[in-house]
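Thanks for coming, everyone. Please have a look at the chain on the screen, and then we will walk through it together.

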Amino acid sequence: MKKILIPIIVLIFSVSIFAAPKNRKVFVKIFTPELAWADSKLESKVQSTFSRQSNLNVHIVNVSQQDSPQFPENYYDTDLLLDWGSEMGGRYVMIIDVQSERLEKRKSFHIPLIFHKYQTYGVIEGEMRLFDIERNKLLAVKSFKVEEKGTRIFQATMDDDINDPDLHIAAPEKIRFFSKLEDKLVRELKMKTKVYFGSR
């Protein structure tokens, strides 16, 4: 009986090893515009969220990594990105290029000659690119745009003031507001990469 069990146990153990997902190294480079109200927290949010997946080993690329190969200035050049990722020993390189992070005031509802509603919106938009180093290819180019509703006011039609002080978001609240908006962006990026990284 023991002679039969030992090969079975060895076989099960071998299968479990090969079935286990690889710990794939992902290098993430994030570009964000200058913000007047606070520093972006997108890097730490991406690191925290994506590193929760047990099969991913997430590394944020930043200027402090002096002892590593320099990240290509022309990150639209696929060959340069693939060469850099290969030299770094990664499986993926993901670029998150935030082209705009802003506040907008919009007239969102209107009844002629009676009243209308103005509302402040937070907007983040840009582009995400994902490169597969092992397969030597650009996997995906996906644009993103996330919005969050802020303060709102109702005005009589005759008032029609888009600069109404009640639409203003105070500085401390603005920091929380854009932090929430960045959380929303990270969730969307996770959904956009789910097909490549899985959902763990």
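Where is the place of serine 40? Serine 40 sits in the loop between β1 and α2. Before we go further, some ground rules. This is a predicted model, where local features need pLDDT of at least 70 and side-chain atom pairs count only at pLDDT 80 or more, while totals for chains, interfaces and linings use all residues. Residues are numbered from 1 along each chain as its sequence is written, and side-chain values use heavy atoms, with hydrogens and water left out.

Now the overall layout. The chain has 5 helices and 5 strands. Both are DSSP runs, numbered from the N terminus: helices are H or I with at least four residues, strands are E with at least two. From the N terminus on, the order is α-β-α-β-α-β-β-β-α-α.

How much of the chain is buried? Of its 200 residues, 37% count as buried. Buried means under 20% relative accessible area, exposed means over 50%, and partly exposed is in between, with a 1.4 Å probe and protein chains only. The accessible surface comes to about 12100 Å². Carbon and sulfur atoms hold 54% of that surface. These areas come from the Shrake-Rupley method with a 1.4 Å probe, and for residues only the protein chains shown count as cover.

Next, contacts. A contact means heavy atoms within 4.5 Å. Take the contacts in the chain with a separation of 6 or more: residues 24 or more positions apart account for 70% of them.

On to the inside. In soluble globular proteins, nonpolar side chains tend to be buried together. Here, the largest nonpolar core has 28 residues. By nonpolar core I mean a set of buried Ala, Val, Leu, Ile, Met, Phe, Trp, Tyr and Cys residues joined through side-chain atoms within 4.5 Å. Val28, Val46, Phe50 and Ile96 have the most contacts inside this core. Which elements give it two or more residues? They are β1 (24-31), α2 (42-50), β2 (56-61), β3 (92-111), β4 (115-132), β5 (137-156) and α4 (171-192). Helix α4 gives the most, with 6 residues.

Let's look at isoleucine 96.

Serine 40 is partly exposed, at 23% relative accessibility. Setting aside residues up to four places away in sequence, serine 40 touches Thr32, Leu35 and Glu182. Serine 40 and serine 179 are 139 residues apart in sequence, yet 8.0 Å apart in space, C-alpha to C-alpha.

Serine 179 lies in helix α4. Serine 179 is partly exposed too, with a relative accessible area of 23%. Its C-alpha atom is separated by 9.3 Å from that of lysine 45, 134 residues apart along the chain.

Tryptophan 37 also has its place in the loop between β1 and α2. At 24% relative accessibility, tryptophan 37 counts as partly exposed. What does tryptophan 37 contact, apart from neighbours within four places in sequence? The list is Glu101, Arg102, Lys174, Ile175 and Phe178. The C-alpha atoms of tryptophan 37 and isoleucine 175 are separated by 6.8 Å, at 138 residues apart along the chain.

Now a pocket. On a 1 Å grid over the protein atoms alone, a pocket is an open set of points where a 1.4 Å probe fits, with protein on both sides within 12 Å along at least five of seven lines; lining residues have an atom within 4 Å of a point. The lining includes Ile30, Pro33, Leu35, Ser40 and Glu43. It divides into 5 nonpolar, 2 polar and 3 charged residues.

Three last stops. Threonine 49 lies in helix α2 and is buried, at 15% relative accessible area. Beyond four places in sequence, threonine 49 touches Val186 and Lys190.

Glycine 90 is in the loop between α3 (78-88) and β3. Is glycine 90 buried or exposed? Glycine 90 counts as buried, because its relative accessibility is 15%. Not counting residues up to four places away, glycine 90 touches Lys25, Phe27, Gly85 and Ile133.

Finally, asparagine 136, in the loop between β4 and β5. Asparagine 136 has a positive phi of about 55° although it is not a glycine. Asparagine 136 is exposed, with a relative accessible area of 54%.

Terms used
Nonpolar A, V, L, I, M, F, W, Y, C, P; charged D, E, K, R; others polar.
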